[in-house]
Amino acid sequence: MSAIAQKLPPHVKPHTSPLSALQSLRAARRNVLEIIPAIAYRQPIVSGRMGARWHMVQDPSALRRIFLDNAANYPKSEVMLRMLRPAVGDSLFTSEGASWRWQRRSVAPVFTQRNVVALAPVMTATAERASQRLREAGSRAEMVGEMLTATFDVICDVALSGREHFDARVYGAAITRYFETAGKASILDFLRVPQWIPRPGELLGLGAVHTMHEMVGKAIAARRNEARGKADDLLDFMLKATDPETGRVMTPDDVLHNMQFFIVAGHETTALALAWALQLLALHPDVQDLAGQQARAVLGDKAASAELLDAMPLIRQVIEESMRLYPPVGMLAREVLHDDVLCGRDIRANDVLFLPLYALHRHELLWDQPDAFKPERFAPEPAKARDRYAYLPFGAGPRVCVGANFAMMQAQIILATLLARFRFTPGPYPLPTPTMAMTVRPDTGVTLAITARE
Ligand code: HEM
């Protein structure tokens, strides 16, 4: 492989001529990112018809209209909600209208910066354990697995501290089973292709859901009966969560479903952001050295903690640039309730919108050298000059990710701690390809060689 080719991080090669219906279906089953055509990286909107009329939107002003100015016209795709509801009921992520509004008002205060800082010591302890595991792993490790263990550790500790009722290994296996079965949406569903065409998974995942609910339910019931001398964790915050407008509190099922969503969604996305960041840094030793030196100078032998993060701005920039190239949620879908106009194009009620964050983040009109890894794009000046709607790893508007502070805090604490202590170099080629089912994963994992930093 040439030096230049090694420098450009792996990406999906987009198709340049329209795919037939069959080709689209095959591509979507293999990798959702493969349905994004080459012109979507150059044009604001691409439209077509397959089952329903669809549009792919990657224009900041149109996205602002969808997420914010006319958000009520673009509810979340019912297909995605149907797929998630068996696991997470009508929780914050999966509800609409009044049911969503009161939950958002109750849950948003749980994730204020102040509460997230209060949870940070757990993240520091986890970063310490993650680096201990890497030391024990020897000269090479697979970083997706390592980061999943680390972020799952964080969410288990902050969500359900005291694990008497909670075997993280059994729960982790149930999550995997769910995603491989019922949690797998088919592009067929989004385009309303008739139900008699077979979908992957479906009923097979329900046993996994039962296992997850039973475990989280027991942990919640035990907490309700417990006199706690410890600082509040995420579950305590949720049990106290109150709608500031009505005083309404959550039922046991509301708490169960929301906690279940936090555990599943909160750890996988963050782990992928970290694994991709490490892959990118391994391909760019110059950037890695700068970030590693900055972390080492601030931390010495300590693990990172919340109050030290501002002194290591490069760590945050690396994570932001990694989520530009590999947004953990690479594509969103929305329904259209009433006719509207986006990018000068007529959008009709019942059309389907795809919002490919992956293509937005690599769009030729928005980014200089879009496929190159350049964390300096996220230094304060260039970041301020950019359209807010050109970079949307956490979505935007009223449905913006409620856990963004939490995710950024844990990603920075873990990455800073690891970079202060280790050097990562590329493992065996070929490099992994970004592959999306629910999230954007490296298809072959991220195996890196590891040495201690002096
Ligand atoms: C790097 C990590 C993460 C990424 C990239 C991410 C991404 C996103 C995105 C794109 C959305 C908007 C979905 C849409 O508009 O259709 C979202 C919503 C949401 N996220 Fe995250 N997320 C992350 C971490 C977390 C964590 C740690 C939690 C909780 C512990 C969380 C909880 C939620 C919830 C509850 C919503 C729904 C909010 C609502 O609809 O009001 N996320 N996330």
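Q: Anything to know before we start?
A: Residues are numbered from 1 along each chain as its sequence is written. The model is predicted, and local features need pLDDT of at least 70, side-chain atom pairs count only at pLDDT 80 or more, while totals for chains, interfaces and linings use all residues.

Q: Switching topic, how many residues are in the largest nonpolar core?
A: That core has 128 residues, and Ala 159, Leu 274 and Leu 415 are among those with the most contacts inside it. A nonpolar core is a set of buried Ala, Val, Leu, Ile, Met, Phe, Trp, Tyr and Cys residues joined through C-beta atoms within 7 Å; buried means 20 or more other C-beta atoms within 10 Å of a residue's own.

Q: Which element gives the largest share of this core?
A: H12 again, with 19 residues.

Q: Last one: at what angle do H13 and H14 pack?
A: Helix H13 (residues 285-299) and helix H14 (residues 313-325) pack at about 140°, with axes 8 Å apart. Axes are lines fitted to C-alpha atoms over the stretch in contact, and angles run from 0 to 180 degrees between N-to-C directions.

Q: What does that make H13 relative to H14?
A: Oblique. Angles under 35 degrees count as roughly parallel, over 145 as roughly antiparallel, 65 to 115 as roughly perpendicular and the rest as oblique.

Key:
A residue is buried if 20 or more other C-beta atoms lie within 10 Å of its own, exposed if 12 or fewer, and partly exposed in between; C-beta atoms are placed from the backbone. Helices (H or I, at least four residues) and strands (E, at least two) are DSSP runs, numbered from the N terminus.
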